[in-house]
Amino acid sequence: MTARLRLWGGFAVAAVLLFVVAPGALSDFRLNLLAKFLCLAMVAVGIGLAWGRGGMLTLGQGVFFGLGGYLMAMHLKLADAGPGGVPDFMLLYGDGTVPGWWEPFRDPVVTVVAILVVPTGLAALLGLAVFKRRVRGAYFAILSQALAAAFAILLIGQQKVTGGTNGLNGFKSFFGFTLADPLNKRMLYFIAAGVLLAMVAATRLLMRSRYGELLVAVRDQENRVRFLGYDPAGVKVVAYATAACFAAIGGALFTPIVGIISPADVGVVASIAFLVGVAIGGRATLLGPVLGAVAVSWAETSLSEQFPSFWTYFQGALFIGVVAFLPNGLATLGQVWRRRRAGPGIREDESGQPDDGTPRSAPEASLPADAPADALPGRTA
Amino acid sequence: MGPQRKAPPLTRPLLRALVVPAAATLALTLAACGARTADEPEADGTGSATGASASCVDTSGDSIKIGFLNSLSGTMAISEQTVRDSLDLAADEINAAGGVLGKQLDVVAEDGASEPTVFAEKAEKLISSDCVAAVFGGWTSSSRKAMLPVFEAKNSLLFYPVQYEGLEASKNIFYTGATTNQQIIPAMDYLKEQGKTKVFLVGSDYVFPRTANKEIVAYAKANGIDIVGEEYAPLGYTDFSTIVTKLKGSGADAVFNTLNGDSNVAFFKEYKNVGLAADTLPVVSVSIAEEEVGGIGVDNVEGQLTAWNYYQTVDSPANEKFVAAFKAKYGDDRVTSDPMEAAYTSLYLWKGMVEKAKSFDVAAIQDAAGGVSFEAPEGTVTVNGENHHIAKTALIGKIGPDGLIHTEWSSKEPIEPDPFLEGYDWAAGLS
Amino acid sequence: MDALVSQLFAGLSLGSVLLLAALGLALTFGQMGVINMAHGEFMMAGAYTAYVVQGIVADAGVSLLVSLVVGFLVGGLLGLLLEVTLISRMYRRPLDTLLVTFGVALVLQQAARDVFGAPNVDVRAPAWLSGAVQVLGVGVPKTRLFILALAAVCLAALALVLKLTPLGRRIRATVQNRDLAETSGISTRATDRLTFFVGSGVAGVAGVALTLLGSIGPTLGTNYIVDAFLVVVVGGIGQLKGAAIAALALGLLQASFEYSTTASIAKVLVFVVIVAFLQVRPQGLVSVRSRSLA
Amino acid sequence: MTDDVTTPASVLGEGSLDPQALETVIAAPPSRFRHDYLEVRDLRVVFDGFVAVDGVDLTVTQGDLRFLIGPNGAGKTTIVDAITGLAPATGSVRFGGVELVGRASHKVARAGVGRTFQTASVFDELSVLQNLDIAAGAGRGAWSLLRRRRTVPETVDAALETVGLTHLRDVPAGVLAHGQKQWLEIGMLLVQDARLLLLDEPVAGMSQAEREETGQLLQRIGEQRTVVVVEHDMEFLRSFASSVTVLHQGRVLSEGTVAQVQADPRVVEVYLGRSAGARGSAAGETGGE
């Protein structure tokens, strides 16, 4: 039906844009910038799942982004290391020896596996710990924020092994390909684009599965789900860990593309900044977070060139305007418009769900996107 | 829209949607495989990188583009805005005096937003998109470290105007602020001269203080000074009661302070409130300049010491002219400080190098750089062609009741830069 | 022994600072479940108020006392404005208020930068607060004693207001059962506004007090906001008692960790302790049990 | 509550219950339920020093349709909360031979206990079908969860028929009328295959005709399973209860058939001066106990 056509048409258009148009039209510099935005969009896809669909406002995605980025960076630093195998910054700031826990990351396979497993596993453990104890809503948001703060402080404090505020940088090669070669930078862009598309597709499958329905149910009525015999903690952990995994992959690609990962990319402010694009694009939609993240990053880069202080106002105003007055993001504008055009009444496609995977908020925007009473702190029985 | 129809399976179109781009990626990746490191001679890290693209700098017109890259937003904007102001002043002066090699300077200004990644991104933009001949800016070590690989890969030039922790020398960077042997070591020399034997180290938890303190510890060991405490506070930390308690109980007779920014305010207020005073337990600070004194409160830091290479009060014709020009442009209430002066100087040094090389070409400038000197507000400075730092005179100053810093002690002559401390025996094990 | 006493005091003092920062938050967060990320910026506004007042009132002592009052009003009015314009619209969406108020925080910070300039400004402490007094053989800064006392006064005043005044009764009724309070003829709208005014006003007072300790700059609030929220989370919602105990406990914990390790490690350790604590008591130290579906 | 004022009436249409379809849903052999009974012994719930439930004993057998009544604050809902693990309790609650006190809510549910809430709580943004599908799926494995629903499970189809929502199966539950939401909840209990159903004011806000239909449905379910209803509506109680427990201040005041209870002087005293029958609708939404 038309809705399906539109979705997969959109997917195809996105693929053509990413794989044909952008590489053809953009200079090496701009393409690399776009690659960076795509990495940020990967984090956004995960946040869309955890926050938009699962109601978990995670203010600490920087932690997982950073874990992925630092794990990759550790491998790149070890691979670049000269004779003796000690990364340059350890010679400068440390005692010139490589700590034992760095050693496994000399191996590229171990590194890739660790990037996929470590942040995801950490998220699953943390998630189990807090969700089992029914820490949620505002409590969860604040805890995740404190986690980001603690992680950044830890990174900064352990300069000898993490590079401190400088972070890790100055990579020369990526799995054997020299990063100074623009052709290899293009290759990185294609990898980022491919990974992002795969993530979007996987998220789409997850959203439309029974699990996706259950996740929305948990978001809106956690206790009700519990009385149906499900353990909501398990449901939430899956979404949270998936989001962490996406963020880690985004971070791991961000590192070679941008050439640096530092505590400034993982802390409290960076973690909240991830949310702007998601909120603007439409937190509960599939493509909203992606488009929002890319658009906001692009706007930041171009607007801040002309008006540095204006950008801060603009960012603040975006937060206020979109979240307060358009809680479902700009993506819903299109939906509202389409529905108006289609005439009154409730439009349905064959599965009874709106075409683009948004939750059906039939009385537009009168249904808040995150749980009303459920999320109120103090009412968590 | 039959409600009875079961949803058709997703798998097929999805597979197609996934497979097509995946295949495309693979094909493109394989076709586009760039250079592998194995094909390259081992890069030595200081030379221009092998994949560097040819410069796109346009020298044909009657103007030449240069880039200013400072944080105008975020936490570092406080400091970096002042550097931008003095860079603008220098550019105006140079243009008014006929430009460089007869070309007017066309400044492309960018905001580093206090984030290393933004610095790296904007540096690349300035070099690749705007095709500037040189970039001036950066403040934090992390911003410099983030930009360094970009300048090396693109083989372009950065002029970095802030004192820093040393242990670095890139062919693509000119360091116009002090390295450690022009600021930290003279300050320790001064303390030793004053007969101080027990020094307490307090710093923010990041690269500069940790590296500086490593050097101070080595210096102390070789010079019979006890380090009676070494404390770090997270950046932006504002509760110093524990650290000051430790300081008070340590029996120190001097404090070496490498705290950064806001933390200084909290530290000095606490220091004063527990009854410590400059005449009995002086604090030598290396990150407090004229700009910061007002924010800390003059009565909190009056009589304390600082180590720099320039103060607004320096008595020289060049400085008189600089301070007057700056106040005329930005207002009488503004002060000038060391990083501002170093930034101002950096633009003139670049002008000198270009004119000596008679070219804007990076290699030509690198060749010509050694020995270029400038009658700077701080005194005569000369570029060291080997390590791209400049020879500077070290000044220990005392903060006066007027909020300005007055020279208390100075090195006899400009100190040759020695970023790796190769000329100091006690520093042998440091790097 | 001296070290122990002075560390104990350092912890208490840090705790009192945290309490001042978190007190208003405990009220607004407890009352409406509103997570006000701009709370720190209200503190900043209080601090700048002290700076402005000092420009008008020359005597540092008088100006400090005047600032405490004006700071309360400035913080309170900002809070009221925020409540009326934004928060009242989104009272069913507590998580969204977090993001909206974060946007407000960004705007306020930048506004402070544009109005007062990026560099820090200085507020002079009055002469009667400079120096230290001897307590149990240890020199204790008078400013810190003053803040300790101020935190205690604020706590007591708020507790009395909640317990004795009609406003307090209305607030408590609304916190415990909003619907019932409404049906009993309490205007919950007016109560919300007043609560927000008072809570934000306390933030303004905290800001004024902080000028005695640290820097006054656009980012003053961001240094405290995460810690303040942790205090509220650990303390439990809806009761000042919990916030007070939590603030002191976290202060002592931070100070003692800091004494034995470093300030950075101490912050990380405190966070670990908090997560572990929430495993045992997810609802915080003190919580009002109210029965409802969710 | 999101109200249903925005609902276009034409879409929701009229629904009515289909007792015939119920037989499909509850087709399981009655022997499965034969030995089910709820046994509550010395149940106590204390909130911050306030004793909400004070040593309640209760026995409800399969085939009984038990009503819990009592004035506000009597502890009716709290007992349901305690049984389902929502309120911390001491004492013993056994169902089907399994001890429930101290179990997590989702494990209580897996032991065959289902409940509804005073304010109908369905998943507003999910369709009626999705609501029921979730209720039917607690036992699903990870693999089937991660795939799409391809067919509608038979019990779900039958439950849709039973609660008269087949024509609305694809609309979001949030737009249903209040009574329809209550029915959907009952449907969810059915597909959940609960053997003990705890219903908290299931007919609040329903029209007379709807009450009638609901009552009959509950009676039929009660023949097979164990059903406990918390209700204020005396008329509804008189029509459908097979036995009644009266609670007062956290204790059992009286127990027996409708007639026995009504004749009990203590009950009369507690309800004296109250027009108990009229309170049903007023207590509805806010549930200010």
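The questions and answers below concern strands, helices and contacts in a predicted model. Residues are numbered from 1 along each chain as its sequence is written, while chains are lettered from A and ligands numbered from 1 in the order in which they are written. In this predicted model, local features need pLDDT of at least 70 and side-chain atom pairs count only at pLDDT 80 or more, whereas totals for chains, interfaces and linings use all residues.

Me: What is the order of the strands in the open sheet of chain B?
Reply: Strands (E, at least two residues) and helices (H or I, at least four) are DSSP runs, numbered from the N terminus. Two strands pair if DSSP finds at least two bridges between them. In chain B, β11 (373-376) and β13 (390-391) are the edge strands, each pairing on one side only. The pairing of this three-stranded open sheet is antiparallel and the order is β11-β12-β13.

Me: At about what angle to β11(B) does helix α12 of chain B run?
Reply: Axes are lines fitted to C-alpha atoms, for helices over the stretch in contact, and angles run from 0 to 180 degrees between N-to-C directions. Helix α12 (residues 338-357) lies across β11 and β12 of chain B, and its angle to β11(B) is about 145°.

Me: Which turn residue between β4(D) and β5(D) has a positive phi?
Reply: Strand β4 (residues 89-95) of chain D pairs with β1 (residues 37-47) of chain D over six bridges, antiparallel. β4(D) also pairs with β5 (residues 98-99) of chain D in the antiparallel sense, over two bridges. β4(D) and β5(D) form a hairpin with two residues between them, and the turn residue with a positive phi, about 55°, is D:Gly96.

Me: What percentage of the residues of chain D count as buried?
Reply: A residue is buried if 20 or more other C-beta atoms lie within 10 Å of its own, exposed if 12 or fewer, and partly exposed in between, with C-beta atoms placed from the backbone. Chain D has 13 helices and ten strands. Of its 289 residues, the buried share is 49%.

Technical notes: Contact = placed C-beta atoms within 7 Å.
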